[in-house]
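Please read the points below with the structure open beside you. They are set out by region, and each can be checked on its own.

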Amino acid sequence: MLSWNTLLYMIAITQILTFSYSIMNHAANPTPTLRFGLEIELLLGPRKKGPSHSSWKSLAKDLSKRLAKAGIPNHVNDSNDKSAHNYREWSITQEVTIPSQPGKNLWGIELVSPVLSPLSTNFSPTLATIFSLLHTHYTVFPSPHCSTHVHLSQSYPSPFTPFDLASLAKSCLYFEASLDRLFPSSRGEGYWCQSNRLNPALAGLILGECMSVIDGAYQDGDGVVEAMNLFPKESAYARAHGWKKDRVRGKVYKWDFTGMLSAPVNKGERQPRGTIEFRQPPGSVVAAEAEGYVILALAFTVGALAYGSSLRVETVGDNEHGGSMEELWALLVAGGSVLGWDSLGEVEGFFARVV
């Protein structure tokens, strides 16, 4: 009997042919240069025979010294400053969404990567070194409050266009159910990881109607952001902040597009000012898992930039389940191929665990 991976590859080959030409066309003028960043949320505590830290800052300084000794340039970002210079090397920030336990010397931290290329050759060994160091000198506690976030941007030939944003947004919605199967069910239930279809712009609509909303918004990149990340004025957060109408707030959804909101630049032009954030992956306690989430996000994005353009109300029809696992795998293989990868690494393991 064929293995699951072999069967998926065979299915993928036939399905890739239906849209690989459009992917190559999208990448041919010239190949878009994706960039990514990784945020790893952790709950760290002392080992039984190791030193304990009575404050978050003490732990952060200790970790920073150990990373530097291991040859990983880094710094402690006390104020969680988002300035560009903080993304030139790894940084350590305090993660306020993870409940620290000072009485037990347990502290929530976030390790933030520099801006990286999908073709970076040192990312994997660096990640392996980081997790080896963490498990050697600290106790890494699995916590439902921890997440692994992947940030995505495009720098060449230009930032993501409104059409790109629409293609990616439609793919996120179309493949949501299949992507959900790759993660613990709790990842779709938490406050910080809600379905984008729950936002007021899409709530109550069938999948095909969601495609129409995105298509109606893509002439303006900010319109796509609003369609994916609108947050209701009736929420406790909105009431506490005095909102009189729904506003954009992306950090509560699986996909946060708010970094693509336009900012004015020279001569009245506008351009995106940040990244798209994939927020669904849970906390990582091993390097391979964290790397797999990066591979998943990058391959999905590249495939979605082409495939999403074919998702319209007419093509989706009454298909409320969206793309199948086989379709998702085909999309990922095609996206990975454009990136020059001959394997999807740990992502293959993600799929194998679904069966």
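1. C172 is buried, as its relative accessible area is 3%. C193 likewise counts as buried, at 3% relative accessibility. The structure, which is a predicted model, holds zero disulfides. For reference, a disulfide is a covalent bond between the sulfur atoms of two cysteines.

2. Y174 belongs to helix 4 (residues 162–174). Its relative accessibility is 8%, so Y174 counts as buried. Leaving out residues up to four places away in sequence, Y174 touches L207, M211, Y307, L311, V316, N319, H321, G322, G323 and E327.

3. H321, one of the residues touched by Y174, sits in the loop between helix 10 (313–316) and helix 11 (325–338). Is H321 buried or exposed? With 68% relative accessibility, H321 counts as exposed, because the cut-off for that class is over 50%. Beyond its neighbours within four places in sequence, H321 is in contact with Y174 and A177. The C-alpha atoms of H321 and F175 are separated by 8.4 Å, although the two residues are 146 apart along the chain.

4. D62 is a residue of helix 2. Its relative accessible area is 17%, and D62 is therefore buried, the limit being under 20%. Not counting residues up to four places away in sequence, D62 touches H53 and Y138.

5. L63 is among the residues with the most contacts inside the largest nonpolar core. Setting aside neighbours within four places in sequence, the contacts of L63 are L44, I92, I109, L111, L133, L134 and Y138.

6. Another core, of five residues, lies apart from it; F231, A238, V252 and Y253 are among its members. As general background, nonpolar side chains tend to be buried together in soluble globular proteins.

7. Helix 3 (residues 123–137) has 15 residues, and the distance from its first C-alpha to its last is 21 Å, close to the 21 Å expected at 1.5 Å a residue. Its buried residues include F123, T126, L127, I130, F131, L133 and L134. These residues are on the same side of helix 3, because they cover an arc of only 155 degrees around the axis. The cover over the buried residues of helix 3 includes strand 1 (33–45), helix 2 (56–69), strand 3 (90–94), strand 4 (107–112), strand 5 (139–141) and helix 9.

8. Some totals for the chain as a whole. The secondary structure comes to twelve helices and twelve strands. Of the 355 residues in the protein chain, 49% are buried. Taking contacts between residues at least 6 apart in sequence, 74% join residues at least 24 apart. The protein chain exposes about 16400 Å², of which carbon and sulfur atoms supply 55%.

Key. Residues numbered from 1 in each chain as written. Predicted model: local features only at pLDDT ≥ 70, side-chain atom pairs only at ≥ 80, totals over all residues. Heavy atoms only, no water. Core = buried A, V, L, I, M, F, W, Y, C linked by side-chain atoms within 4.5 Å. Buried < 20%, exposed > 50% of the residue type's maximum accessible area, 1.4 Å probe, protein only. Contact = heavy atoms within 4.5 Å. Helix = DSSP H or I, 4+ residues; strand = E, 2+ residues; numbered from the N terminus. Expected span 1.5 Å × (residues − 1). Arc of directions from axis to C-beta. Areas by Shrake-Rupley, 256 points an atom, 1.4 Å probe, with all protein chains shown as cover. Disulfide = S-S within 2.5 Å.
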